[in-house]
Amino acid sequence: MQRTIVRLATLAVVLGLIVFCGMTLFNSGAAQSSERIVKITAHKFEYQPSEIHLKLGEPVVLELTSKDVTHGFNIPDFGLRADLEPGETVRVRLVPEKAGTFEFHCDNFCGLDHENMNATITVQ
């Protein structure tokens with residue numbers, strides 16, 4: 001009888017450790033496999049960086065910040081758009097599902113050279 005109790009207690013401890021370790025690995029795995037963050041800054045008629053390279057099907061979060069005035073961010077090919085207020089960060093999630101080179105541009109009039117404010121995302 002005492003032997004059975006010891007075995008059950010040991011089994012309970014082992015199962016508890018397995019569950020605890022599994023949850024710890026699951027949670028750290030979620031943090032490890034979090035989406036890649038790509039920071040984009042808008043200012044005076046340009047985006048930095050002006051070329052972004054992504055992998056097909058890889059989820060990313062675009063962190064967009066304006067350094068000066070209200071800019072727009074528009075990627076028509078992916079149906080994404082956002083307003084970028086000065087000093088604020090906007091996060092846009094993107095999972096590129098088609099390969100190619102796609103232009104994004106400012107769609108809020110931001111000054112005299114507004115029409116030239118664009119950049120590209122290349123998906124491979």
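Biologist: What share of the contacts in the chain with a separation of 6 or more comes from residues 24 or more positions apart?

Modeller: That's 61%, where contact means heavy atoms within 4.5 Å. Keep in mind that this is a predicted model: local features need pLDDT of at least 70, side-chain atom pairs count only at pLDDT 80 or more, and totals for chains, interfaces and linings use all residues. Residues are numbered from 1 along each chain as its sequence is written, and side-chain values use heavy atoms, with hydrogens and water left out.

Biologist: OK, and how many helices and strands does the chain have?

Modeller: 1 helix and 9 strands. Those are DSSP runs numbered from the N terminus, with helices being H or I of at least four residues and strands E of at least two. The order from the N terminus is α-β-β-β-β-β-β-β-β-β.

Biologist: Let's look at β4. How many of its residues are buried?

Modeller: 7 of its 7, across residues 60-66. Buried is under 20% relative accessible area, exposed is over 50%, and partly exposed is in between, with a 1.4 Å probe and protein chains only. Both faces are covered, with Val-60, Leu-62, Leu-64 and Ser-66 on one side and Val-61, Glu-63 and Thr-65 on the other.

Biologist: Which strands join up with β4?

Modeller: β1 (residues 36-43) runs parallel to β4, with 7 bridges, and β7 (residues 89-94) is antiparallel, over 6 bridges. Strands pair if DSSP finds at least two bridges between them. Thr-41 stands opposite Thr-65 in β4, while Glu-63 has Arg-91 in β7 as its bridge partner.

Biologist: Switching to aromatics: how many pairs are there?

Modeller: 4, counting Phe, Tyr and Trp (its six-membered ring) with ring centres within 6.5 Å; planes under 30 degrees apart are stacked, over 60 edge-to-face, and the rest tilted. One of them is Tyr-47 with Phe-73, edge-to-face because the planes sit at 80°, with centres 6.2 Å apart.

Biologist: Why does that pair tie together parts that are apart in sequence?

Modeller: Because Tyr-47 is in strand β2 (residues 46-48) and Phe-73 is in strand β5 (residues 71-75), 26 residues apart in sequence. Phe-73 also pairs with Phe-104, with centres 5.0 Å apart and planes at 50°, so that pair is tilted. Ring pairs link Tyr-47, Phe-73 and Phe-104 into a cluster.

Biologist: Is Phe-104 buried or exposed?

Modeller: Buried, since its relative accessibility is 0%.

Biologist: Last one: which residues does Thr-122 touch?

Modeller: Ile-52, His-53, Leu-54, Gly-100 and Thr-101, not counting residues up to four places away in sequence. Thr-122 lies in strand β9 (residues 118-123) and is buried at 13% relative accessible area.
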